[in-house]
Amino acid sequence: MFLHAKLKKLKQYEKKAERKQEILREKKLFVLDNSLRESTVGQLRGHTIENKWKIYEEIPRIYFSCKVYKCYVHLNQTMRFPVKKVGFQDIIVTSFSHMTRDGDTFIRQLAEKGEDFSKFYAFTEFIESIDSRTKIPDTDTIPVGLMKMKELGIRNPIIEADLFYPSIDYKIFNVKRITKLFSQRMQWVRENLSRDAKIFINLRDIADAIINKPKRVFKVVKYLSSLPADQRPFGLIFEEPTGNYLPDQLGAWTAAVRQEMNKCGFQDGHLLVHIHEKWGLAQTSQLECLINGASGIWCSVCEEGAALGHACSSVTLLNMIRLGNEHVLKQYSCVELRRAAQEVTRITTGQEPHPKQPVYGERALDLVFDGTMGSNPDDEGFCMATFFGQEPLMRMSTLATPRMVLARLKTLFGENTQFTEERAQRMLQVMQEDLHENRKEEYMSKVGLAILFDRSGGKLTEAMAKAVEDEKPETLHGEKLIAQIRKLWDVWDLRDGVKDDQLDFDAFYNGFMAPYFGCYRCDTTRRALQAIDMDEDGQVDWNEFSLYLKWAIREYPETKDAQELLSIAFRKGLIPAMQDEVLKES
């Protein structure tokens with residue numbers, strides 16, 4: 001009986017999860033892009049005018065509507081508007097204040113270039129000022145944001161209002177006065193900005209308000225939703241700026257607001273959500289809000305933003321796509337999301353996205369396990385790498401399989417008869433041996449994988465040798481140590497009267513190898529020397545030897561001096577490779 005009840009409850013949970021996935025799969029998502037604004041909030045380096053133009057040119061490539069492309073070509077040509085911007089979706093271009101921001105200048109430049117302002121939005125305050133003595137807002141003065149929008153030709157305002165602000169006396173500035181002012185503001189917008197203005201009301205402190213004064217929130221929502229169609233806003237938006245609330249809480253609030261809107265006949269009104277990051281719940285919270293009635297999101301394409309960032313559009317859209325949502329594929333050029341998110345991150349921060357950033361981080365396309373559902377393009381399900389038109393990266397770790405190692409070898413170095421399952425298996429064994437010997441190295445890069453291959457009994461191919469040769473030390477310290485060893489090499493090289501970057505075996509043994517092999521004339525030592533002679537010409541080339549030096553400084557950047565670098569190159573690189581050569585010929 002107990003087990004039956006448990007199974008019944010489990011099925012109920014599964015049914016609920018399936019319903020959530022279905023909602024995300026069928027939802028048509030409205031994206032109010034905030035890449036120009038959100039990505040700079042809280043940054044140590046703000047956006048310059050040049051940054052804004054780069055982002056502005058980037059975003060239209062993402063939000064390109066394949067569905068309406070042909071319909072707008074003629075209109076585009078008439079307006080002298082670049083075809084790449086045909087499907088330009090709604091975008092927030094700035095936030096206005098008393099200070100002249102670079103955003104103001106950017107807007108003027110947009111106007112000078114003849115850009116279409118019909119889909120541009122800007123933030124403005126609901127009230128201009130509050131009397132600190134009486135705590136009563138000034139409702140007579142038009143906020144400076146609206147005045148600047150009129151001056152610069154921005155027709156779509158995002159009016160930011162608070163319903164639980166400590167500096168306001170809500171006993172006096174009550175719901176009646178709040179709703180009256182909303183109507184006055186929207187009337188002013190339609191008379192001074194555009195009769196067709198798309199007005200969003202941002203209830204920006206909805207989290208605090210709905211917990212402390214829920215009646216006030218729902219009275220305001222009811223009023224705005226009940227207005228005649230030509231008087232009400234285009235939609236409501238809200239944000240969770242702290243990241244403190246759980247997804248279930250935000251989902252419940254979203255559902256309650258959506259239900260009130262629908263009950264009042266505002267089914268076509270948008271309800272957009274914006275979630276800030278703090279505790280790692282941002283994306284889950286955003287999806288939960290979409291499941292519970294939000295019609296869209298307002299955010300940047302990348303997660304850069306205030307505090308630790310926010311739930312960005314690239315990750316949200318890819319989550320919907322992997323669940324099978326075809327609507328967003330028709331609305332947006334989603335294959336550009338990864339590249340665009342990377343580019344906006346670079347523009348904003350001057351750095352690459354964090355390697356483990358979902359969707360657009362360097363390691364986001366890596367495969368850790370062989371045949372993982374939804375990761376391997378040979379399996380059924382969604383493969384992110386394939387979606388973005390890239391080969392999945394086989395992560396070289398102890399969890400990799402010989403098939404994954406072979407795939408990585410061929411991807412980086414092409415086909416070679418040495419690339420066999422047996423050799424790949426041996427490479428995996430060497431990885432494990434390294435860990436047992438307290439060697440913590442990486443095998444993902446060309447250099448790391450090539451040396452692992454060499455240490456595992458393989459002979460470096462020309463492609464491998466070139467890859468390592470092209471590798472430059474990442475630090476001046478590394479360059480300095482290799483330069484010191486090169487000076488010693490040149491001394492031995494000149495002993496035969498010719499500087500040709502080659503040492504015979506005698507010179508190489510005496511100059512570098514003697515501390516690690518005690519018997520020069522032993523057959524074992526002679527055969528070991530052959531391991532470093534990649535081109536089998538009876539000489540050791542500098543390029544052949546320097547491969548191991550570059551690898552050593554790359555793997556052990558804390559190496560103190562040239563002598564220690566030589567020791568690492570021999571003990572951890574050359575000698576293991578030489579031993580495999582000896583064993584092979586025994």
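This note goes through surface patches, backbone angles and cysteines in a predicted model.

1. Basis of the values. The model is predicted, so that local features need pLDDT of at least 70 and side-chain atom pairs count only at pLDDT 80 or more, whereas totals for chains, interfaces and linings use all residues. Residues are numbered from 1 along each chain as its sequence is written, and side-chain values use heavy atoms, with hydrogens and water left out.

2. Negative patch. Asp496, Asp500, Asp504 and Asp506 form a negative surface patch (patch residues have over 30% relative accessible area and no salt bridge, with like charges joined within 9 Å and nonpolar side chains of Val, Leu, Ile, Met, Phe, Trp or Tyr within 5 Å; a salt bridge is a side-chain nitrogen of Lys or Arg within 4 Å of a carboxyl oxygen of Asp or Glu). Asp and Glu count as negative, while His and the chain ends are not counted, and the charge of Asp is placed at CG. Asp500 lies in the loop between helix H19 (476-493) and strand S11 (502-504), where helices are DSSP runs of H or I with at least four residues and strands are runs of E with at least two, numbered from the N terminus. With a relative accessible area of 35%, Asp500 is partly exposed (buried is under 20%, exposed over 50%, and partly exposed in between, using a 1.4 Å probe and protein chains only).

3. Positive phi at Asp501. The loop between H19 and S11 also holds Asp501, whose phi is near 65°, a positive value in a residue other than glycine. Most residues other than glycine have a negative phi. Asp501 is partly exposed, at 30% relative accessibility.

4. Positive phi at Lys135. Lys135, which is not a glycine, has a positive phi of about 65° and sits in the loop between strand S3 (120-125) and helix H5 (144-152). Its relative accessibility of 38% places Lys135 among partly exposed residues.

5. Nonpolar patch. Leu3, Leu7 and Leu10 make a nonpolar surface patch of about 300 Å², with areas taken from the Shrake-Rupley method. Leu7 belongs to helix H1 (residues 2-26) and, with a relative accessible area of 44%, is partly exposed.

6. Cysteines. How many disulfides does a search of the whole structure find? The search finds 0, a disulfide being a pair of cysteine sulfur atoms within 2.5 Å. The sulfur of Cys299 has its closest cysteine sulfur in Cys312, at 6.8 Å, which is too far for a bond. Cys299 is buried, with a relative accessible area of 0%, and Cys383 is also buried, with a value of 8%.

Definitions and conventions: Areas by Shrake-Rupley, 256 points an atom, 1.4 Å probe, with all protein chains shown as cover.
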